[in-house]
Amino acid sequence: MANLDAATLAGFTAGFHGDVLRPGDGEYDAARTIWNAMIDKRPAVIARCSSTADVVRSVNFARDNRLVLAVRGGGHNIAGSALCDDGVVIDLSNMKSAQVDTAARLVTVEAGATLADLDAATQAHGLATPTGINSTTGVAGLTLGGGFGWLSRKYGLTVDNLESAEVVTAAGDVIRVSASEHPDLFWALRGGGGNFGVVTRFTFRLHAVGPNLLSGLVVYPFADAKSVLRQYREFATQAPDDLTVWVVMRQAPPLPFLPAEVHGTEVVVLAFLYAGDPSHGDAAVAPLSRFGTPVGAHMGVQPYVNWQQAFDPLLTPGARNYWKSHNFATLDDGLFDVLIAAVRTLPTPSCEIFIASLGGATSRQAADSSAYGQRDAQFLMNVHGRWDSAADDQRGVEWSRRLFKEAAPFASGGVYINFMTAEEGDRVRAAYGPNYDRLARVKQQYDAGNLFRTNQNITPA
Ligand SMILES: Cc1cc2nc3c(=O)[nH]c(=O)nc-3n(C[C@H](O)[C@H](O)[C@H](O)COP(=O)(O)OP(=O)(O)OC[C@H]3O[C@@H](n4cnc5c(N)ncnc54)[C@H](O)[C@@H]3O)c2cc1C
């Protein structure tokens, strides 16, 4: 490895309390495996940290030896930015503890926690903060890009609920960051995507949520897709903040509430969570079953944590994934034609299109209230290209790219930083819009040497 001799490595390892994994070590291959199986990188050192002190040691080690540095939270980023070739990976996956302060309604969580870890800690007290829809995602990466899910229309983005963070800077300093401590860095962390330091713990505001809420799925035949999508657009645009409905278009999985003849055929799924009092939920969601004749529906009052994990079986690690994403101010009929044609030519059975409904509280903050630059996004499309065999790479990628291109005329031009693939660095400015220049100045202040660059990178001003 460039710039590193055995004595330097031994010096690093001697004072490190976690695990240092090197090529050839028993756990090395498992530790360099992340959610997206298309990513195959071989770090020289994986520093699996046990504490903030280990993180400081690793940052200093990488910087002083001019080694490429990557930071791994939950390892879900589609671009594979949790890893690097031939450099150092700060792996936070053993740092997962979460402490809830019920009186203050705050949770402090270490940066290796998954959404499931966070929900388990907070829901034990009937509390929650908004996160994403797949429980194995890392809190860290999701938060640093913005973070949205079933509670966001009611309570805002994950970053809108961030109170403070502990950060290890490029200089190796440990600082506390909040609205009153390093306020510029606090602004930049809330959407700036890991460009400014290693966050070792986050403190979030909590809300009374559930623990039981109304949630479920209504499934329509694909022949009705255009009519269902049009009615969805009108409904979602007027929905109360309590109600979030997403669309999934794909081949029907063998769900027990669907007739066998529907399995494997294209369907339009409306997935919803009603975040308010469940006794008011039935009336709020009733129209969703009247957009046509559903081929199946499954809904009821169930633990919020169960719904947070409902999509996990479709989004398991280990498959090959290629994503493309656009934001939308509204959903045009022309877009529906593009999506319907694409679903009719799915290249593999696992490929799907998600349309997330944002708006609500996510849009009520000023565009410059935090680094997250997409407050005007009312809807977001994520094309999930997904398959098991490398032999499908080319046609899967081509299908995703073609759909992305055909949908572009209807999109806002903005994009969610956390859904961008590795080759989309030219979209970083569009993702941050007018916030980009301020981010570049904060980057210059805290990481002028661009130590933290294995991400959707912001160039120091
Ligand atoms: C199946 C699936 C479903 C998803 N659903 C949603 C969703 O509903 N809502 C949503 O908002 N997003 C969603 N995402 C996107 C997700 O937010 C991003 O993939 C996010 O980057 C994942 O964070 P991570 O910690 O798991 O990833 P990692 O790959 O570990 O890290 C992502 C990036 O953040 C940096 N980073 C990680 N930890 C730290 C840290 N502690 N300090 C500094 N930098 C760090 C890394 O260097 C890397 O660049 C989903 C992703 C997947 C794969």
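Biologist: Where does Asn-450 lie, relative to helix 14?

Modeller: Asn-450 is found in the segment after helix 14 (436-447). Helices (H or I, at least four residues) and strands (E, at least two) are DSSP runs, numbered from the N terminus. The model is a predicted one, in which local features need pLDDT of at least 70, side-chain atom pairs count only at pLDDT 80 or more, and totals for chains, interfaces and linings use all residues. Residue numbers start from 1 along each chain as its sequence is written.

Biologist: Why is Asn-450 called partly exposed?

Modeller: Within 10 Å of Asn-450 there are 14 other C-beta atoms. A residue is buried if 20 or more other C-beta atoms, placed from the backbone, lie within 10 Å of its own, exposed if 12 or fewer, and partly exposed in between. The count of 14 therefore makes Asn-450 partly exposed. Its phi is near 55 degrees, a positive value in a residue other than glycine.

Biologist: What makes His-182 count as buried?

Modeller: His-182 has 22 C-beta neighbours inside 10 Å, so it counts as buried. His-182 sits in the loop between strand 9 (174-178) and helix 7 (183-189), and its phi, near 50 degrees, is positive although the residue is not glycine. Over the protein, buried residues make up 53% of the 461 residues.

Biologist: Which residues does the cis peptide bond join?

Modeller: Gly-210 and Pro-211 are joined by a cis peptide bond, with omega about 10 degrees. Pro-211 belongs to the loop between strand 11 (207-208) and strand 12 (212-221).

Biologist: Why is the ligand said to lie between domain 1 and domain 2?

Modeller: Domain 1 (6-91) and domain 2 (98-209 + 434-447) both give residues to the shell around the ligand, so the ligand lies between them. The domain bounds come from an automatic or database domain assignment.

Biologist: Which residues come nearest to the ligand?

Modeller: Of the 34 residues around the ligand, Gly-73, Gly-74, Gly-132, Gly-138 and Gly-141 come nearest; a residue is near a molecule if its C-beta atom, placed from the backbone, lies within 6 Å of it. Strand 3 (69-72), helix 5 (139-145) and strand 10 (198-205) each give two or more residues to the shell, and helix 5 gives the most, with five.

Biologist: How many residues of domain 2 are in contact with domain 3?

Modeller: There are 35 residues of domain 2 in contact with 30 residues of domain 3, where contact requires C-beta atoms, placed from the backbone, to lie within 7 Å. Helix 4 gives the most to the side of domain 2 that touches domain 3, with five residues. The assignment places domain 3 at 212-419, and the centres of domain 2 and domain 3, taken over C-alpha atoms, are 25 Å apart.

Notes
Two residues are in contact if their C-beta atoms, placed from the backbone, lie within 7 Å.
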